[in-house]
Amino acid sequence: MKAFIFPLLFASSLTMATSDAPLQRYQCDEGQSFTLRLTSPDSLELLSGWTFQKLPHVISASGAKYSDGSTTVWLKGQGGFLEVDDVIVANNCTLISADEPLNPIRDAASGLIFIPPERWTANNVQVDVKSGSEIPFYGETALQQFEYRFRGGNDAAHYPLLDILVFPKSAWSQLEKTPPPGFVLGDDGQRVYLAQLPSNNPFNPASKNGKEFIALQMTPAEVKQAFSMYGIVKNKAIESVTAKVMWLDRRLYPGAVLTVELRDVSKMDVASELIAKKVITLTQGTPPTVTLKFAPEAINPKHRYNVSARLEQDGKLIKISDTQTPVLTQGAPRETSIMLKAI
């Protein structure tokens, strides 16, 4: 996912991240996101790097508009979008729960797939993506940096939990003589992936923030397990989609066979590709919650994926889902529900 960091053009409109106002994070199409906080009825502050950019409220015909003339945030209900210089840079955005786990990274450009632990939520961890000269220390050699930061104390996402650096193989060959700190996650022949973990706790370990930081830290083994590369099964990292199956009538269907599938539905006029499937015989006949597991490299972030279900009894189809239920990519969730209708 890409969290937007905006050029610091107007110093007078920026404040350091010290407010106690709750942060709100919006997940948008194509893995993009932005974070803001509502400081008063007349303005909001948009996270820009480690500072906040103040955007005054502007009268609009529909929804709430906040703008400084260059950067504009539109909010309506639980949704919104973001404009910079009249160009939409983050569209179809949805406010996500503070307790919702961070979405996995599936970055086709760098080849990186990373599944954050479920204890990393939108409330306590932020991820930023940097490229080229934006990357501290390695701007001349690294392609990309994925920074996971802990939201603690009075600062916004200031304390490192994990950095993943992506180096071209040619640049890494030069660095091997004096390698950067950290450990190598993988090498796909074109790129080398390096992980860096914090060497100490920035807080008093006995404090509230210190205890939370300790709980959020990953071990090298956990990082390696969560890492994979496009087209390469590395350490057999596993991802999942969960679907709660429902039907309107209150009948039980003991012995019925439920089939739930995850499919790639990106291509028109072509049969959808099966990604994962689970077949369950219902003992009690009650609607279950089903988890489908699959290798993360099976998912292309540019594609669309749906889950579907059908219920059969004595070999006869009796219920089926007849609407699309998107998951995983383009802002769709990993947990959803499927309503079955009678045939």
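**Strands and their partners**

Reader: Which way do β7 and β8 run, and how many bridges join them?
Author: Strand β7 (residues 64-67) and strand β8 (residues 71-76) run antiparallel and are joined by four bridges. Strands here are DSSP runs (E, at least two residues), numbered from the N terminus, and two of them pair if DSSP finds at least two bridges between them. Leucine 75 in β8 is the bridge partner of alanine 64.

Reader: What kind of model is this, and how are residues numbered?
Author: This is a predicted model, in which local features need pLDDT of at least 70, side-chain atom pairs count only at pLDDT 80 or more, and totals for chains, interfaces and linings use all residues. Residues are numbered from 1 along each chain as its sequence is written, and side-chain values use heavy atoms, with hydrogens and water left out.

Reader: What phi does glycine 69 take?
Author: Glycine 69 takes a positive phi near 100 degrees, in the β7 and β8 hairpin with three residues between the strands.

Reader: And which glycine is in the hairpin of β8 and β9?
Author: That is glycine 77, with a positive phi near 65 degrees; two residues lie between those strands. Six bridges join β8 to the antiparallel strand β9 (residues 79-84).

Reader: Changing topic, why is β20 largely enclosed?
Author: Six of the eight residues of strand β20 (residues 257-264) are buried, so the rest of the structure largely encloses this strand. Buried means under 20% relative accessible area (1.4 Å probe, protein chains only).

Reader: Which residue stands opposite threonine 259?
Author: Valine 279 in β21 does. Strands β20 and β21 (residues 273-281) pair in the antiparallel sense over eight bridges.

Conventions
Buried < 20%, exposed > 50% of the residue type's maximum accessible area, 1.4 Å probe, protein only.
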